[in-house]
Amino acid sequence: EITFDESTALWHFKTTNEEEFTTKILVSACGQLNRPAYPKIPGRETFAGMQFHSARWNHDYDLRGKKVAVIGTGASAIQFVPEVVKQAEHVILFQRTPPWVMAKYDRAYTSFEKTLFKDFPLLQTLHRLQIYLTHEIHYFGFQKGNPFNSLMQYLAHHNLETAIKDPKLRAILTPNYPIGCKRVLISNDYFPALAKENVAVLTDDVVEIKAEGVLSDKGDLYPVDTIIYGTGFQSTDFLAPMKITGRGGLDLNQVWHDGAEAYLGMTVSGFPNLFIMYGPNTNLGHNSIIYMLESQAQYIMSYMALLQEKNLAYLELKRERQSSYNKEIQSQLNQSIWNAGCPSWYKTASGKNTNNWPGLTFVYNYKTSKVDINDYHVAFNS
């Protein structure tokens, strides 16, 4: 529970252990993918075997010789399914929507390359720049009608055809939506794992969990020892379950009832000196989130320097600045493939994309390079 005290210009917060603290500047670095989302399937509590979410992995449980049901086929599943397949006797993968999967172009650096990087540090810097620019170019693949998007889809389809020879399985694993509309996944071992004899990929809907296994909408009961939920995260709630109360008693959850939004993904009108790292509309589809976080860190440092230099109690974002900024963001998102009509974890139930940054990362870095005091109402120390 966190509350802003306007009389002292301090944030007061209380932990679950009833400890209380105060701070002038509050930075939330909770991220977007930290609270597991469990499927709303009746009967989960009746299952007699072992069940857990992939983000709450039971490392003490031995999967060897077990019959395992996996529910969900997103970014989590492509990481753990190939490893589970190596251990389990049989794996049943319940797939609601197939993902587009790109090949992972990865290899070990040679000894010669390492020597060059050591002896000529500039080469390593140039190599890092090359990696960055290569990923940055992928931005154009997420724009509607861009030829690069067609190229990405061709490469992903080629990856599927190369890895999956069974035409029936290939048809099951072929998405029916444009690439990029949902998160694009990168893996070299996911498709080969699904082609193994001890794996079955089903498109049946799961309607109930029974004590002995999983019941499909076709009335088939699949007995299993283990259920692993690869069903992702509660990605659009951001700061939940914290209760954050800003100036004048504003409740952040109420302010965000139509979907989270923040100026530059970090500051919210009515909540002075509060920053949200990896906040609304700062997630990426094409490059490294670390670069975005570094950009946010430089903005927060600029903000703190400004408070010190001008002896300010706080800065509060102007409501009109937040509104104009987010109208611009949503307008740009409408040109992206993310708004091509399919549901995804990027969006709220009403369809508002609250997660993704619609532009190039170096543009975001430029926008966050320095605080513009004209974006804020100013309160001086008394």
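**Figure 1. The largest pocket of the predicted model has a volume of about 1800 Å³.** Local features in this predicted model need pLDDT of at least 70 and side-chain atom pairs count only at pLDDT 80 or more, while totals for chains, interfaces and linings use all residues. Residues are numbered from 1 along each chain as its sequence is written, and side-chain values use heavy atoms, with hydrogens and water left out. A pocket is an open set of points on a 1 Å grid over the protein atoms alone, with protein on both sides within 12 Å along at least five of seven lines; a cavity is a set where a 1.4 Å probe fits but cannot get out, and lining residues have an atom within 4 Å of a point. Points are joined across faces, edges and corners, and a volume is the space filled by probe spheres set on them. The lining of the largest pocket holds 45 residues, and I131, H135, I186, H286 and N287 lie nearest its centre. Two or more lining residues come from each of α1 (75-87), α3, α4 (147-163), β9 (185-186) and α8 (289-310); helices (H or I, at least four residues) and strands (E, at least two) are DSSP runs numbered from the N terminus. Helix α3 has the largest share, eight residues. By class, the lining has 25 nonpolar, 13 polar and seven charged residues, where Ala, Val, Leu, Ile, Met, Phe, Trp, Tyr, Cys and Pro count as nonpolar, Asp, Glu, Lys and Arg as charged, and the others, Gly among them, as polar.

**Figure 2. The second largest pocket contains about 1500 Å³ of space.** Of its 41 lining residues, R96, G230, T231, G232 and W345 lie nearest the centre. Helix α1 gives the largest share of this lining, four residues. The classes are 18 nonpolar, 16 polar and seven charged.

**Figure 3. Helices α2 and α3 meet.** The axes of α2 (residues 111-119) and α3 (residues 121-137) come within 4 Å and cross at roughly 110°; axes are lines fitted to C-alpha atoms, for helices over the stretch in contact, and angles run from 0 to 180 degrees between N-to-C directions. The two helices are therefore roughly perpendicular to each other, a term for angles of 65 to 115 degrees. L116, F117, K118 and D119 of α2 make the contact with P121, L123, Q124 and H127 of α3, contact meaning heavy atoms within 4.5 Å. Four of the contact residues are nonpolar, two polar and two charged.

**Figure 4. The largest cavity has a volume of about 40 Å³.** There are two cavities of 30 Å³ or more. The residues lining the largest cavity include T267, F271, Y303 and Y376. Strands β16 (274-276) and β17 (312-317) each supply at least two lining residues, and β17 gives the most, with three. Nine residues of this lining are nonpolar, two polar and one charged.

**Figure 5. The second largest cavity holds about 30 Å³ of space.** Its lining consists of S28, C30, G31, F238, L239, I276, M277, Y278 and G279. Six of these residues are nonpolar, three polar and none charged.

**Figure 6. Three strands form an open antiparallel sheet in the order β11-β12-β13.** Two strands pair if DSSP finds at least two bridges between them. The edge strands, β11 (206-209) and β13 (221-223), each pair on one side only. Neighbouring strands are turned by 25° against each other on average, direction ignored. Three bridges join β11 to the antiparallel strand β12 (residues 213-216), and V206 stands opposite S216 in β12.

Notes:
Parallel < 35°, antiparallel > 145°, perpendicular 65-115°, else oblique.
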